[in-house]
Amino acid sequence: MKTKLIPAGERGLKKLDWLQSNFVFSFSSYYNPERSGFGLLRVFNDDYVTPGNGFGLHGHTNMEIISVMLAGKMNHKDSMGYSEVVEKDWVQIMSGGSGLRHEEYNVGEEEVNFLQIWIEPKLQNITPRYQRRYFPEEKRKDQLTTIVSNEEGQSHCWINQNAKLSLGYFDADKNIDYTFNPLNKCLFVYSISGNLTIGDQTINEKDSLEIWDTNSITIQTNTESRFLIIEVPVNH
C-alpha cells in the first residue's frame, strides 16, 4: 500500500469577508503543480459561507459535482428548473454534461459548511441532471454509508462515473475494513472531525490521505470520528 498525507495546514486557502475555502487541490487562485488532483478526483474544497452570501449564477460542463452539507442551510437553483434548500446531512449532485447553470446561497442564520467535490465524468456531453438525498447522522452511527455511487438506486445519489463516496461516523476504538477492486482504482480519505489511523499514517481533523496499490484498508478511530472515503478511477 502506498499513501500520501496532505495535512490540513498545507491546503490552499482563499479567505474573503463572506467565504473561506480550503483547497486540497489547485483551484481558483490557489495553484500547486504537485496537486492537480488524484485520479479523476479534480477538486476537493472545504467551504464556509456566511449567512446571506453565496455563489451567483455560473455554469458547468462535463463535470460531476458533489456537495456534502456539514452545517447550515443553502439553496440550490439551476437552469434545469430545480429550486431546493439543503441542510446538514443532505448530499446533492450535478452532472454538468452538455451544460447547466446554477446558484447557491446561505439562506439560514448560521454559517454554512460544505464539501465541494468534482470528479471527471465517464461520458461526455450527457443530458445534465440534479439529484439530492438525505443521510441523517443519527441513522449512520458506527456504520459506513454509501452516499454516491455509479449505480442507480433509492438509497444514494448516482453519478456519471465509476466512483463511490462513503460517509463514516464512528465512536473511538473502532476498526472499519474497506475493500475495493484495485484495478484502476485509488482511495481518498478525508477526516471531517476526529483522529484516524490507516496503516502507519495518522490522520488528524481536516487532513487528507491518498491511497493506492492496495485492495483493502483498515481505518482505526482513535477518537469519535467523522470521515469521507472517495473511491475513484485512476484514469478513464
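Residue Q92 is located in strand β9, where helices (H or I, at least four residues) and strands (E, at least two) are DSSP runs numbered from the N terminus. The model is a predicted one, in which local features need pLDDT of at least 70 and side-chain atom pairs count only at pLDDT 80 or more, while totals for chains, interfaces and linings use all residues. Residues are numbered from 1 along each chain as its sequence is written, and side-chain values use heavy atoms, with hydrogens and water left out.

With a relative accessible area of 5%, Q92 is buried, a class that means under 20% relative accessible area, as against over 50% for exposed and in between for partly exposed (1.4 Å probe, protein chains only). The side chain of Q92 makes a polar contact of 2.9 Å with the side chain of Y130; such a contact is a pair of N or O atoms within 3.5 Å, and within protein one must be able to donate a hydrogen and the other to accept it, residues adjacent in sequence counting only if both atoms are side-chain atoms. When residues up to four places away in sequence are not counted, Q92 touches I65, I66, S67, M74, H76, V86, E104, Y130, Q131 and R132, contact meaning heavy atoms within 4.5 Å.

Strand β9 (residues 90-95) runs antiparallel to β12, to which six bridges join it, and S95 stands opposite R129 in β12. Both strands belong to an open sheet of seven strands with antiparallel pairing, in the order β2-β3-β4-β11-β6-β9-β12, two strands being paired if DSSP finds at least two bridges between them. Because β2 (12-15) and β12 (129-134) stand at the edges and each has a single partner strand, one side of each is left without a neighbour in the sheet. From one strand to the next the twist averages 15°, with axes being lines fitted to C-alpha atoms (for helices over the stretch in contact) and angles running from 0 to 180 degrees between N-to-C directions.

Most residues other than glycine have a negative phi. N62, although not a glycine, has a positive phi of about 45°; N62 is placed in the loop between β5 (54-60) and β6 (64-71) and, at 18% relative accessibility, counts as buried. D142, likewise not a glycine, has a positive phi of about 55°; D142 is found in the loop between β12 and β13 (143-149) and counts as partly exposed at 31% relative accessibility.

In strand β20 (residues 208-212) is I211, which counts as buried at 0% relative accessibility. Leaving aside residues up to four places away in sequence, I211 touches M1, K2, T3, F38, C186, L187, V189, I198 and I217. Between I211 and L165, 46 residues apart in sequence, the C-alpha to C-alpha separation is 15 Å.

For the protein chain as a whole, zero helices and 22 strands are assigned. The radius of gyration is 17 Å, which agrees with the value near 18 Å that a compact globule of 236 residues would have; the radius is taken over C-alpha atoms, and the globule rule is 2.2 Å times the number of residues to the power 0.38. Of the 236 residues, 54% count as buried. Among contacts between residues at least 6 apart in sequence, 73% join residues at least 24 apart.
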